[in-house]
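Try each task before reading its solution.

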Amino acid sequence: MAAGVLSGVRQVFRGPRLVSAVFSCHGQTLSSASAAVKSAPDTAATEKILNFPLTQPDYFHLSELFTMKDLFEARVHLGHKKGCRHRLMGPYLFGSRLDIDIIDLEQTAEHLQRALNFTAHVAYRGGIILFVSRRRQFSQLIETTARECGEYAHTRYWKGGLLTNAPIQYSPGVRLPDLIVFFSTLNNVFQQHVGIRDAAKMNIPTVGIVDSNCNPSLIAYPVPGNDDTPVAMEMYCRLFKMTINRAKDKRRQMELLKGISASV
Amino acid sequence: MAASGCRGVRSILWKYGSCGKNFCLSRSKTVPQLPVRHICVSSSLWKKNLAAAGPQKFTQEFIDKQVEEFEIGKRHLANMMGEDPETFTQEDIDRSIAYLFPSGLFEKRARPVMKHPEEIFPKQTAIQWDAEGRPFHFLFYTGQQSYYSLLHDVYEKILAMERHQDKMRNKGLLTSETKQILLTGSRWLLKEEIEEYLVENISDHDYMRLIQLMEKLLSMPYCSLEEEFILKFRKQLEVQSSKHEIPALQYDPQGVTFSVADGRRKTAKASITLRDSGSGNITINGRNYLHYFPLLQDREQLMFPLHFVGMLGRFDVEGSVEGSGHSAQAGALRLAISRALLSFVSEGDVEKMRQAGLLTADPRIKERKKPGQEGARKKFTWKKR
């Protein structure tokens, strides 16, 4: 009798687990076995497309896009005066000459490589990239860059709850950006841009060009560099546009290959 | 229970633990009965918050269905009226509806109307992103995509114009005599009109910035290249100088030219016949003007238009007037005489008469009496305490 009761209890406990197993399979109707078989190679190919690039250190060959000499000629190493220096930018500076801070281009090149690589991977996986800057001189350039690479830009007045109050500011069901690139982390009153703090609150990774008077703490991929000279800004825009286009082309190529191999 | 009796409060039974039906069924044998809690919520939570919902949103399918029904209804209406459904225009629809549903309502907007759904349902923005959630417009995340994209386009045009200017300067063809856009007789679109054009709300500051940017575009020498674009944002003003309706010159059986004109002042209505080759007689309501207007001031009013154009002894004036008092009647007659004179007088004299104020109808009427006051302006005696 005890054994019968025990078996009854065991059956009861087995029941819910089976039920939960059925419910955990997302949407796939197990009525047609063939459908299940076809979906397996598809998901395997998609996973390969998504996971393989992550195993390579420089899958998109972004190191060939710029050299340190290019950065020097674009005057990326020029910072602000010694008095404007931010305490946390100290490690990124090479030194100061005639009171002007010089940014260490070796570190810049390293950081820029990392930032471009991250941007490329986000673009490869179809993420939304938002370019942000509050410099009025470069607003037109940044908006044009965003339009040309099929991403988004916000170089205007930043309204309070754009990221934190998104369902009400836009519409319910809006998708927030997956990466925010700051071409200048300060706003027109020389305070940190609100977007940096909001992106950190909403768990959105940020890439930012930090000048010698900016605070690099909350930014995920800071790139120490000049954000005032037009030559430097044009170079950054060109680099980001090229990485995003490269990544998107690569993704399209992989999708085509997958399509060809699936049909074969 | 008390909860069910009360209208504004709903009680929700809440069982803590997982609430899946399957789990409950399988576990009911082994797990004891869970305690039930009554949670009373006020009506504000379950009633629809009409104020927060905002303006009613219509789906695209709904609008399409309305358009389809409108087209079918238009054809039915044409058949009913016995007209060709293919060439049935909006004016015909309005006429037919006014015939079939005669309405005595004064408010035109309350009368039955049959218009295309585009004109009835307010324009609203559709879903701004695709299936993957990526927005269509590159400035979507600014919150005011149409306005900022307009600013972007205008600035793009300014830069293009500057580049064109530089090219001309390099070729040595830079001249200051470039074709200018005609801006007289038009004004910039108002903020409300811009909002309608953009289907977005903008602030006064935004509107000012847009106008400043357009002015900058206009200030450049080669602005005629973007004439079409600029004129999209300008509205033609109504013609200020109203064309004076010159009464037609008519001929008597005897061959005498005459003209007829009307005039009004306060409640007085006057009608004048001006006959040429006369001797300056003025007859009003069958009586001589000396008898009708004993006061010199009124007779001077009658004389003024003729004296101004210097044709005092040329015309025979025959007039009829009714209503109001003697001064208003004189004013009405004066206006009627001036209007009748237009057909006998040259273009330059017409302009002179207009500037003298002879052709302007006096709009002053008796102001109404307001409640709480003696008259229109006079107040009751003010008592300090």
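Of the 385 residues of chain B, 31% count as buried, where buried is under 20% relative accessible area, exposed is over 50%, and partly exposed is in between (1.4 Å probe, protein chains only). This is a predicted model: local features need pLDDT of at least 70, side-chain atom pairs need pLDDT 80 or more, and totals for chains, interfaces and linings take in all residues. Residues are numbered from 1 along each chain as its sequence is written, chains are lettered from A and ligands numbered from 1 in the order written, and side-chain values use heavy atoms, with hydrogens and water left out.

**Exercise 1. Work out how many helices and strands chain B has.**

Step 1: look for DSSP runs, meaning helices (H or I, at least four residues) and strands (E, at least two), numbered from the N terminus.
Step 2: count them, and you get 15 helices and ten strands in chain B.

**Exercise 2. Find where Asp276(B) sits and say whether it is buried or exposed.**

Step 1: trace the chain to the loop between strand E7 (268-275) and strand E8 (282-284) of chain B, and there is Asp276(B).
Step 2: check its cover; Asp276(B) has a relative accessible area of 15%, so it counts as buried.
Step 3: list what Asp276(B) touches (heavy atoms within 4.5 Å). Leaving out residues up to four places away in sequence, these are Val256(B), Thr257(B), Arg314(B), Phe315(B) and Phe344(B).
Step 4: pick out the side-chain partner. The side chain of Asp276(B) makes a polar contact with that of Arg314(B) at 3.0 Å. Such a contact is a pair of N or O atoms within 3.5 Å; within protein, one must be able to donate a hydrogen and the other to accept it, and residues adjacent in sequence count only if both atoms are side-chain atoms.

**Exercise 3. Describe how chain A and chain B meet.**

Step 1: count the residues; 31 from chain A are in contact with 24 from chain B.
Step 2: get the area. About 2,500 Å² is buried between the two chains, with carbon and sulfur atoms giving 58%; buried area is the accessible area (1.4 Å probe) that two parts lose on being put together, summed over both.
Step 3: look for a salt bridge, a side-chain nitrogen of Lys or Arg within 4 Å of a carboxyl oxygen of Asp or Glu. There is one between the chains, and it joins the side chains of Arg134(B) and Glu151(A) (3.0 Å, N to O).

Conventions: Contact = heavy atoms within 4.5 Å.
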